[in-house]
Amino acid sequence: MTAAGSTPAAPVAPAAPATPTAPVAVVTGASSGIGAATARQLAGAGYHVVVTARRKDRVEALAAEITAAGHRATAYALDVTNRAAVDAFAAGLTGSNGFPTVNVLINNAGGALGADPVATGDPADWRQMYETNVIGTLNITQALLPALTASGDGTVLVLSSTAGHATYEGGAGYVAAKHGAHVLAETLRLEIVGTPVRVIEIAPGMVKTEEFATTRFNGDTEKAAKVYAGVAEPLTAEDIAETITWAVTRPSHVNIDLLLIRPRAQASNAKVHRVL
């Protein structure tokens, strides 16, 4: 994250224009997990994907992989919590040397930190989760909404979580942040009804990716492994990416307002079938 008062990142170079037949999809948090899987699937569905994340090497490698597979991709290093950097990115993306239209925004950047109870939770962790999951989504959505509207057929997708719809012990900070993402999507849908932009929310439950739980527990792989212990088949990044791609590629008049998706073994945030 970029600390308050820090120097904004330098403006990014303008995008290489897409071919006229390729709709453009921007995916945030695309350096790994659900974001990377979504970029691959959208590219396979015919989109020119613009993959963004803070880790420049990761998104450049992903864009190269997608291009090598015969699809279209452009990489940008971007911290969505840095408003100046987001505005510069949007200006380059939609400027005279950029893409003719932007059709889809996948707000995937986010994450969880810690699992402490409210009484002992770290305010710094809470603040960072809110900045990434809510303010980051606000920044990039505000910056690209004019272009999405101008496209005549835009989609804003917010990846929230089942945590944004029901709480659980030790999860209050993440629940609060994802609830913020949920109500952002819900309110935006009300405010822009009548415009040619859909607002979709996908809320996954237990998804096993290479970094989510490890990041949450500050690199403690043992704690991370316990999250999924005994669960035969948690969801995968590809499961969520497939769901996102399905929702985005529905006919323009069809809006998937909210879709909660869990593995069969998970009945609620706090009730999971485990074989130990």
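A crossing of two helices is left-handed if the near helix is turned anticlockwise from the far one by less than a right angle, and right-handed if clockwise. The model is predicted, so local features need pLDDT of at least 70 and side-chain atom pairs count only at pLDDT 80 or more, while totals for chains, interfaces and linings use all residues. Residues are numbered from 1 along each chain as its sequence is written, and side-chain values use heavy atoms, with hydrogens and water left out.

**Exercise 1.** Describe how α4 and α5 pack.

*Solution.* 
- Start with the geometry: the angle is about 20 degrees and the axes are 7 Å apart. Axes are lines fitted to C-alpha atoms, for helices over the stretch in contact, and angles run from 0 to 180 degrees between N-to-C directions.
- The two helices, α4 and α5, are therefore roughly parallel to each other (angles under 35 degrees count as such).
- Next, the hand: α4 and α5 make a right-handed crossing.
- Now look for the residues that meet, including W126, Y130 and L138 in α4 and Y174, A181 and L188 in α5.
- Sorted by class, this contact of α4 with α5 has 12 nonpolar, five polar and one charged residues. Ala, Val, Leu, Ile, Met, Phe, Trp, Tyr, Cys and Pro count as nonpolar, Asp, Glu, Lys and Arg as charged, and the others, Gly among them, as polar.

**Exercise 2.** Find the residues with the most contacts inside the largest nonpolar core.

*Solution.* 
- A nonpolar core is a set of buried Ala, Val, Leu, Ile, Met, Phe, Trp, Tyr and Cys residues joined through side-chain atoms within 4.5 Å.
- The largest one has 34 residues, and V49 and I244 have the most contacts inside it.
- A second, separate core of 29 residues includes V50, Y76, V86 and L93.

**Exercise 3.** Is G194 buried or exposed?

*Solution.* 
- Locate G194 in the loop between α5 (172–191) and β6 (197–204).
- With a relative accessible area of 77%, G194 is exposed (buried means under 20%, exposed over 50%, partly exposed in between, with a 1.4 Å probe and protein chains only).

Conventions: Helix = DSSP H or I, 4+ residues; strand = E, 2+ residues; numbered from the N terminus. Parallel < 35°, antiparallel > 145°, perpendicular 65-115°, else oblique. Contact = heavy atoms within 4.5 Å.
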